[in-house]
Amino acid sequence: MMDEYLLLAVIIMLVMADTIDWGGGWTWPVPDRPGSPALVTNPFKRPAHLGVDIMYREGGQYVAPVGTPVLAARAGVVWSTGKTARGQNVVLDHGAPFATFYQHLETVSISKGQRVEAGQQIGTMGADPTDPQGLRHLHFAVWYKGNGDSSSVDPGRAMPAWRRSMWT
């Protein structure tokens, strides 16, 4: 019986991901580098990976240099900043129904209650301290009609339409 409920929940989330009205005003949360666009290197996979990981591909390897900016994906208000065993994080409230979650930041340059614009730098990319490889990347999640893992939706289908910026 529990497996049937889990299957039904997964089907509902898949259908919902295709029917979300994303609206406008979105930007990639990591800027492109000259000759190296930001890429989703680990896609959304319910229930194991409830967001996307973003880095660059250079010389056949995934990389993210020290100081890589992390950008607000949409205008909003800083709901929270904090530090967990997985690194520093930020949650931005974009007004119903969206919020975004940024994980593994090395630095955070905004504070709770602050208004941010789409594309504004909110920190720099870091690594997951629990990862033995120490691979620098951004874990980015979109929360739809709620907060936390239970409301995570796959941004991967919408991101190709989002504005990109250049890191100079």
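**Note on the predicted model**

1. Arg136 and Glu106 join their side chains in a salt bridge, at 2.6 Å from N to O; the term denotes a side-chain nitrogen of Lys or Arg within 4 Å of a carboxyl oxygen of Asp or Glu. Arg136 lies in strand E10 and Glu106 in strand E7, 30 residues apart. Helices (H or I, at least four residues) and strands (E, at least two) are DSSP runs, numbered from the N terminus. Arg136 counts as buried because its relative accessibility is 17%, whereas Glu106, at 40%, counts as partly exposed. Buried means under 20% relative accessible area, exposed over 50%, and partly exposed in between (1.4 Å probe, protein chains only).

2. The model is predicted: local features need pLDDT of at least 70, side-chain atom pairs count only at pLDDT 80 or more, and totals for chains, interfaces and linings use all residues. Residues are numbered from 1 along each chain as its sequence is written, and side-chain values use heavy atoms, with hydrogens and water left out.

3. The count of salt bridges comes to five. One of them pairs Arg164 with Asp32 at 2.5 Å, N to O. These two residues are 132 residues apart, Arg164 in the segment after strand E11 (152-153) and Asp32 in the loop between helix H1 (2-19) and strand E1 (39-42). Asp32 is buried at 10% relative accessibility. Arg86 forms a further salt bridge with Asp128, with 2.6 Å between the closest N and O atoms.

4. Strand E7 runs antiparallel to E6, with six bridges joining the two; strands pair if DSSP finds at least two bridges between them. E6 and E7 form a hairpin with four residues between them, and Gly95 in the turn has a positive phi of about 85°. E7 is also antiparallel to E10, again through six bridges, and His139 in E10 is the bridge partner of Gln103. Three bridges join E7 to E9, also antiparallel. Eight of the 11 residues of E7 are buried, so this strand is largely enclosed by the rest of the structure.

5. The largest nonpolar core has 34 residues, and those with the most contacts inside it include Trp22, Leu92 and Tyr102. Such a core is a set of buried Ala, Val, Leu, Ile, Met, Phe, Trp, Tyr and Cys residues joined through side-chain atoms within 4.5 Å. A second, separate core of five residues includes Val91, Ala99, Phe101 and Ala141.
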